[in-house]
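Visitor: I am new to this structure. Could you show it to me and walk me through it?

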Amino acid sequence: MMIVTEYGLVQRAQAGDRAALGDLLIAHQTQMYRMAYLYVHNEADALDVVQETALQATKSIRKLRQPEYFKTWLLRILINVAKQQIRGKPPAPLPAAKAVYQPDLAQRQDLLQLLAGLSEKRRLPIVLFYYNGLTLKEISAVLHIPVGTVKSRMNRGLAQLRVEGGKMNAQQN
């Protein structure tokens, strides 16, 4: 039995193998949906973002210069598609936690509210790190910023979450 790596699938997809590209997109669909949902705050729009991302990835897979960075390339496309989708729309209501997060976080609607309160610059690195499992280097590549900037934005965002979370707990007690 032959083990196919993601790198091998990307190379096959770049050579025109649609099945390989399909396998790659399926492998990343949950991660793409989570990220899209955090941007657009509803299932229908998140699915539209994922679909448009897949379409754009299909059209431009041959332009990917470094196959080892397929995941970060795909998430960058998704972020751009999501930003285009929400441009000009009024802010959507906060999402229901159950659609995106693990069961232990499903009861944490307050966490979603806190994340929504962060600026995009602070929210994105946190979401990419904790919800999508990207490394600091991968986040740096997705956002086109230095690793040091990723670290500082994460630290400031997490500090803000702690402060705001403390305020929220104080109000609830």
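Guide: The average pLDDT of the chain (the predictor's confidence in each residue, from 0 to 100) is 83, and 82% of the residues score at least 70. This is a predicted model, in which local features need pLDDT of at least 70 and side-chain atom pairs count only at pLDDT 80 or more, while totals for chains, interfaces and linings use all residues. Residues are numbered from 1 along each chain as its sequence is written, and side-chain values use heavy atoms, with hydrogens and water left out.

Visitor: Where does pLDDT stay under 50?

Guide: That is the case over residues 94-107, for which the model has 28 contacts (heavy atoms within 4.5 Å) beyond four places in sequence.

Visitor: Let us turn to the helices. Which residues of α1 are buried?

Guide: In helix α1, residues 6-14, they are G8, L9, V10, A13 and Q14. Helices (H or I, at least four residues) are DSSP runs, numbered from the N terminus. Buried means under 20% relative accessible area, exposed over 50%, and partly exposed in between, with a 1.4 Å probe and protein chains only.

Visitor: What do those buried residues of α1 pack against?

Guide: They pack against α2 (18-27) and α5. After α1 comes G16, with a positive phi near 105°.

Visitor: And α3, how far apart are its end C-alpha atoms?

Guide: They are 16 Å apart, which agrees with the 16 Å that its 12 residues, 29-40, should span at 1.5 Å a residue. The expected span is 1.5 Å times one less than the number of residues.

Visitor: Why is α3 described as largely enclosed by the rest of the structure?

Guide: Because 9 of its 12 residues are buried. Among them are M32, Y33, M35 and L38.

Visitor: What follows α3?

Guide: Just after α3, H41 takes a positive phi of about 65°. H41 lies in the loop between α3 and α4 (43-60), and is partly exposed, with a relative accessible area of 21%. Most residues other than glycine have a negative phi.

Visitor: Where is H144 found, and what is its phi?

Guide: H144 is in the loop between α9 (136-143) and α10 (147-172). Its phi is near 60°, a positive value in a residue other than glycine. H144 is exposed, with a relative accessible area of 63%.

Visitor: Back to α4. Is T53 buried or exposed?

Guide: T53, which is in helix α4, is buried, with a relative accessible area of 0%. Leaving aside its neighbours within four places in sequence, T53 is in contact with M32, L74, I77, L78 and V81. M32 is itself one of the buried residues of α3.

Visitor: What about pockets? What lines the second largest pocket?

Guide: Its lining includes K63, R65, Y69, W73, A141 and H144. Helix α5 (residues 70-86) gives the most to this lining, with 3 residues. By class, the lining has 4 nonpolar, 3 polar and 3 charged residues.

Visitor: How much space lies in the second largest pocket?

Guide: About 200 Å³.

Visitor: One last residue, please. Where is K151 found?

Guide: K151 is in helix α10 and counts as partly exposed, at 43% relative accessibility. Its C-alpha atom is separated by 9.4 Å from that of S140, 11 residues apart along the chain.

Technical notes. Helix = DSSP H or I, 4+ residues; strand = E, 2+ residues; numbered from the N terminus. 1 Å grid on protein atoms, 1.4 Å probe; cavity = no way out; pocket = protein on both sides within 12 Å on 5 of 7 lines; lining within 4 Å. Points joined across faces, edges and corners; volume = space filled by probe spheres on them. Nonpolar A, V, L, I, M, F, W, Y, C, P; charged D, E, K, R; others polar.
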